Amino acid sequence: MSLFKARDWWALTLGEGEEFDQGCLCVGDVDNSGSGYDKIVVGSFMGMLRIFSPHPAKPDELTEADAQLLEVQFPEPVIQVELGKFVSCSELLHLAVLHPRKLSVYAVSGTAGNVEHGDQYQLRLVYEHNLQRTACNMTYGPFGGVTGHHFICIQSMDGMLMFFEQESYGFGRFLPGFLLPGPLSYCIRTDSFITVSSTRQVECYRYETLAVATDADTRQDSDQQSKSSGKRLTADWTLVLGEEALDICVPNTSPVMSSIFVLGERNLFCLKDNGQIRFMKKLEFNPSCFLPYASVSEGSTNVLMCNHNNMLLVYQDMTLKWAAQLSCVPVTVRVANFPELKGLVVTLSSDGRLQCSYMGTDPSFFTAPKVEAREVNYDEVDTEMKVLQKVIREATRTQDILPRAETEEELSLTAVVSSKLDEVSCAVMAEMNGMPVPSVTVQVKIRSRTAVQSPKMTVCVQPPLAITQDQFMLDSMGSGCESVVRFSAFLNGLYPPADMSGDIAVSYSSATGIPRVSQCRFVLPLRLVCCPSSAIKNGKYKITMDTNKPPVNLSDVFPDFSEKSENNDSSALGFQLLTGSRVIVLASKTSQRYRIQSESFEDMWLVAKELVQRFDRHFASLGVKDFRNSFTGPVPLPEYFETVDHHFELRVNAQKYQDLLSERAVQFRAIQRRLLTRFKDKTPGPLQNLDTLMEGTYRQVIALADAAEDNRERLIQAFVRLRSATHLLILLLSLWQGLSSEQTAILEATLLPLLQDTPQLGWEESVDAAVSHLLKTCLSRSPKDQAISLSSGPLSIPKDTSRLKKHITLLCDRLGKGGRLSLSSEANVSTTVMMPAGCESIPEPIVEQEEEAPLQQDSAKFIKKKQPSKRVKSKSDSSKESSKEKKEKDSTKETKKDKEKESKVSKKESTKESSKDKESTKEKESAKESGKEKTKVSRKSSVKVKEKKSEAGDG
C-alpha cells in the first residue's frame with residue numbers, strides 16, 4: 001500500500017447497475033468552445049452517453065448537477081467513444097460513437113442560456129454507418145497521410161478491418177490467421193496499424209498494404225482470392241509477446257521516432273516503430289489500464305498505470321516515480337485540463353465511478369509521542385545481536401528457490417503397512433497360476449494441528465498393483481483431531497510390478513482458506529507378489545553380489561520366507577512369483593558372495609532390491625557400520641537389451657496396427673458412401689458386390705482393433721518389465737561403481753524418464769536423448785565436447801534400437817573408467833577407480849563406430865592418443881606388403897615372440913615411438929604437400945619405427 005493517496009478534485013458515480021470498459025471514456029473540447037479546456041465524455045453498455053465539465057464544488061453549493069452538460073439514452077450499447085475531425089466539410093471536433101452494429105458521428109453544440117438554468121447543449125447526428133458485422137473496437141487517424149481530416153478503422157469480432165473515409169465506406173480487409181480480436185491502435189509516423197493477435201504476438205500492417213490487398217466480402221472469399229489472384233495481406237513486422245495484451249497506445253511525443261507501448265498481463269513493453277524492443281518492464285501486479293504521455297525530460301515518456309490493487313503508478317520509462325492509492329480499480333485512465341487545474345488524472349471504474357484526482361499530499365498534523373528515555377544494557381543488546389546473526393546465517397545457508405516447509409505441518413500423515421497378510425483376501429483375482437492372491441491392509445493416520453476444511457485423500461500405486469479404494473472424502477477436522485483410514489492393496493495383473501511403493505496425498509484448505517497438500521509414501525511387502533518356494537539351483541540368468549562381511553544365514557534375513565520353505569538349507573532360498581517365474585538366492589559357504597538366479601531377467605529386480613535392503617537393516621541392527629554391498633560384474637547388458645528389443649518390437653507393432661486401422665477405416669467409409677449413393681438413386685441398380693466388400697472390410701476392422709488392443713495390453717506389460725530390468729541395471733551399476741545417492745538419482749532420471757509410454761513420446765527416444773546429453777556433458781572426454789550443441793528437433797520413434805544400445809553401452813563403459821555423474825559443467829574430470837576383479841571393459845571404438853559426428857571425432861581422437869602403437873602397426877603392415885625386404889618381416893616375428901620377455905624395453909621404446917610419431921605428424925601438418933606425399937611420409941616413418949622395433953628385439 002502506498003504512503004500517499006490520490007486527492008479527489010471531483011468525483012461522481014454514474015447510474016446504477018451500469019457497466020463500463022476501457023473504450024467508454026474520452027476527454028477533449030467536444031463542443032469546440034476554443035477555451036482550451038477539456039470535457040469528459042462517458043458512454044456505457046446500457047446505452048447512456050454523458051458529457052461533463054467538472055469543477056470543484058464551492059462551499060455554498062450542495063450539488064454538482066451543473067457539471068453535467070448532456071445525457072442521452074441510445075437504444076444500443078455504447079462500445080467506444082472518440083473525438084476527432086470526422087466530417088469532411090469541417091475541421092471542428094466531432095464525437096464518434098461506436099455501437100455493436102452502427103457507427104454514428106455527432107456534433108455537440110452549446111447555446112448560452114438567458115435564464116438561471118445556464119447553458120443548453122444539444123447532440124446533432126451528422127452521419128451514421130450501419131455495420132454488416134459486429135464491432136469490437138475502433139481507432140482513428142490521418143490514414144494515408146491526409147491532412148486536416150481523420151478516418152476511422154473498426155475491427156469486427158470476426159477479424160475484419162472496416163475503413164470509413166468520413167461519410168463514405170472505404171474498404172474492408174480480413175486479418176490473416178485471426179481467432180479473437182485484440183487491442184488496435186494507429187501509428188501516424190509509419191502510417192500503420194498495430195494489433196495483438198490471439199497467437200500472443202504484436203502485428204503491424206501498413207495502410208498502403210491494406211489498401212492494395214485483395215478485397216472480399218466474406219472470410220471464405222478472401223481465402224480463395226488470396227490463393228488465386230491479388231496481393232495477399234501480410235504483416236510488416238511481428239513480435240512475439242508470450243502473453244495476452246490489455247491495451248496498445250502510440251503517443252505522439254517525437255516526430256523522429258514513435259514509441260509503441262503494449263500493456264501485457266505481467267509486463268509493459270515499449271517498442272520502436274520497426275518492431276524492435278526499446279525496453280520491457282516486468283510488473284509485480286495485475287495491471288488494469290495505462291496511458292503513456294509526453295515527459296518533461298527529452299527522450300523519455302511517462303506512463304500512468306493502474307492496477308487491481310487500487311494503485312496509480314507513474315513511470316518514467318522503466319523507473320517508478322510516484323505511487324498513489326485510489327478508491328477503486330479503474331478500467332481506463334486519461335489526463336485532462338480543467339479551468340482551475342491542469343493535468344488532472346481522470347479515471348473510470350467498471351461500475352461507473354468517475355473520478356478526477358491529483359497526486360498531491362495534504363499536511364499531517366500528527367506528532368509522534370515522546371518515548372521515555374532508558375539506559376541501554378549493552379550486554380543484552382550484544383546477546384540479542386548474536387542470536388539474530390545466528391538466525392540470519394541459518395536462513396541464508398540454504399539457497400533454495402522455494403521456501404522451506406514449516407517444521408510442523410498443519411496436517412500430518414502416517415502410513416502403516418500391516419506386517420501380516422489379510423486373512424480374507426480382498427483381491428479381485430482370487431488365484432493366479434493355481435496360487436491364491438493375498439492382500440495387505442494399509443492404515444493411514446491423519447492428524448491435524450489446526451482446523452482444516454474439506455480434506456480429500458488420494459492413494460496411488462503403480463500397476464499391476466491395485467487398491468480397494470483410491471479416493472476418500474473426509475470430514476472437516478478441528479484442531480488436534482485424528483482420523484484413521486484403511487484400505488487393502490493386492491496384485492491385479494499377470495505380471496510382476498516394477499515398484500512396490502505407493503503415494504498418499506491429502507488436499508485440504510486451511511482455516512484461512514489457503515489450499516494445501518500433505519504427502520507421504522508407503523512400501524508394500526514382498527510377500528504380496530511372491531511366496532516361499534523350493535530352491536532349485538539352476539537358472540538361465542545369474543547375478544553375483546559381494547559383501548565385505550562373512551556370509552549370513554538367509555533364514556535370519558528372510559524370516560517370513562523361510563518358515564514355509566520346503567528346503568531347510570539356510571544357504572538357499574526360493575521365491576515363487578505369483579506370475580509364474582521363480583527366483584533363487586544362493587549364499588556361498590566359503591566366500592562372501594551371494595547369487596541371484598531366475599528364468600526371467602527382470603523378475604530378479606524385486607528380490608535383488610529386497611536382498612540389499614535387508615542386508616543393510618540386518619547388519620545395522622548388529623551394530624556394523626562399515627558394511628558394504630558390491631557387484632563384481634560384468635554388467636548384464638545383453639540380457640537387458642533383450643527386454644529393450646521386446647518392448648520396441650511391440651511399439652512398432654502398435655504403429656503398424658494404427659496405420660492398418662486407418663487404411664481400413666478410410667476404405668470402410670468409402671464403401672459406405674458408395675452404398676449410400678446407390679440407395680439414394682431413383683433408378684435402382686446392382687450393388688456390384690459392395691455389400692460383400694463392406695462386410696469383409698468390417699471384419700478386418702474388428703480383427704485389427706482386437707489385435708491392436710491385445711498388443712496394447714502386451715505393451716503395457718512389456719513396459720513394466722522394462723522398468724523392472726532398468727531398475728535392476730541401475731542397482732548393479734551403483735553397486736559396481738559405488739555411486740552416491742545423488743549420482744544414482746541422476747542415473748535413474750536418465751534411464752527412467754517416463755512412468756508410461758504414450759503415442760507421442762516413448763521410452764527409447766527419451767532415454768537416447770538423456771544418455772546422449774550425459775555423454776556430451778559430464779561424461780565427455782574433454783571440455784570441447786561440452787560445447788557441442790544438442791539436437792533441438794522433436795523426439796520421434798527411432799528406426800531400431802542399435803543407436804540406443806550403443807549409447808547405453810558407452811555410458812556403462814565411461815562409468816567403469818571413472819566417469820562421474822553430475823549436473824555441473826565441471827563434472828568431466830575423471831577420477832581413478834579400481835576396477836573390480838572379473839569385470840571386463842567394453843571395447844569403446846566398436847561402440848562409437850556409428851555414433852553421431854561429434855562422438856565420431858571424439859573416438860578418433862581417443863584412439864589416436866591412447867593407442868598409437870596400433871596405428872603404427874597397421875601402417876607398417878601395409879608397408880610390409882608393398883616392400884620386398886625380408887629382414888623387416890623376420891624382425892617383426894621376433895618382436896612378437898619376445899614381447900613378453902622384454903616388456904620393460906618395449907614400454908620405453910613405445911614411448912619413444914609415440915613421441916617421434918607426434919613429431920612426424922606436426923611436420924606433416926606444417927608442410928603444404930599433396931595427399932600422396934603425406935601417405936609416403938607416413939609409410940616411411942612407419943618403416944623406421946619397425947626397424948627400431950626389430951633392433952630392440954634383437955638387442
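In the predicted model, a salt bridge joins Asp-645 and Lys-805, with the closest N and O atoms 3.3 Å apart. Asp-645 belongs to helix H7 (residues 637-680) and Lys-805 to helix H12 (residues 802-816), so this pair ties together parts of the sequence that are 160 residues apart. Asp-645 is partly exposed, with a relative accessibility of 29%. Lys-805 is likewise partly exposed, at 23%. Both values fall between the 20% limit for buried residues and the 50% limit for exposed ones.

A second salt bridge, between Asp-31 and Lys-39, has its closest N and O atoms 3.2 Å apart. Here Asp-31 is buried, its relative accessible area being 14%. Lys-39 is also buried, with a relative accessibility of 7%. Each of these residues is assigned to the buried class because its value lies under 20%.

The side chains of Arg-712 and Glu-713 also form a salt bridge, at an N to O distance of 3.0 Å. Glu-713 is partly exposed, at 37% relative accessibility, and Arg-712 is assigned to the partly exposed class at 38%.

In total, 27 salt bridges are counted in the model, among them the pairs Asp-645 with Lys-805, Asp-31 with Lys-39 and Glu-713 with Arg-712.

How values were computed. Residues numbered from 1 in each chain as written. Predicted model: local features only at pLDDT ≥ 70, side-chain atom pairs only at ≥ 80, totals over all residues. Heavy atoms only, no water. Salt bridge = Lys/Arg side-chain N within 4 Å of Asp/Glu carboxyl O. Buried < 20%, exposed > 50% of the residue type's maximum accessible area, 1.4 Å probe, protein only. Helix = DSSP H or I, 4+ residues; strand = E, 2+ residues; numbered from the N terminus.
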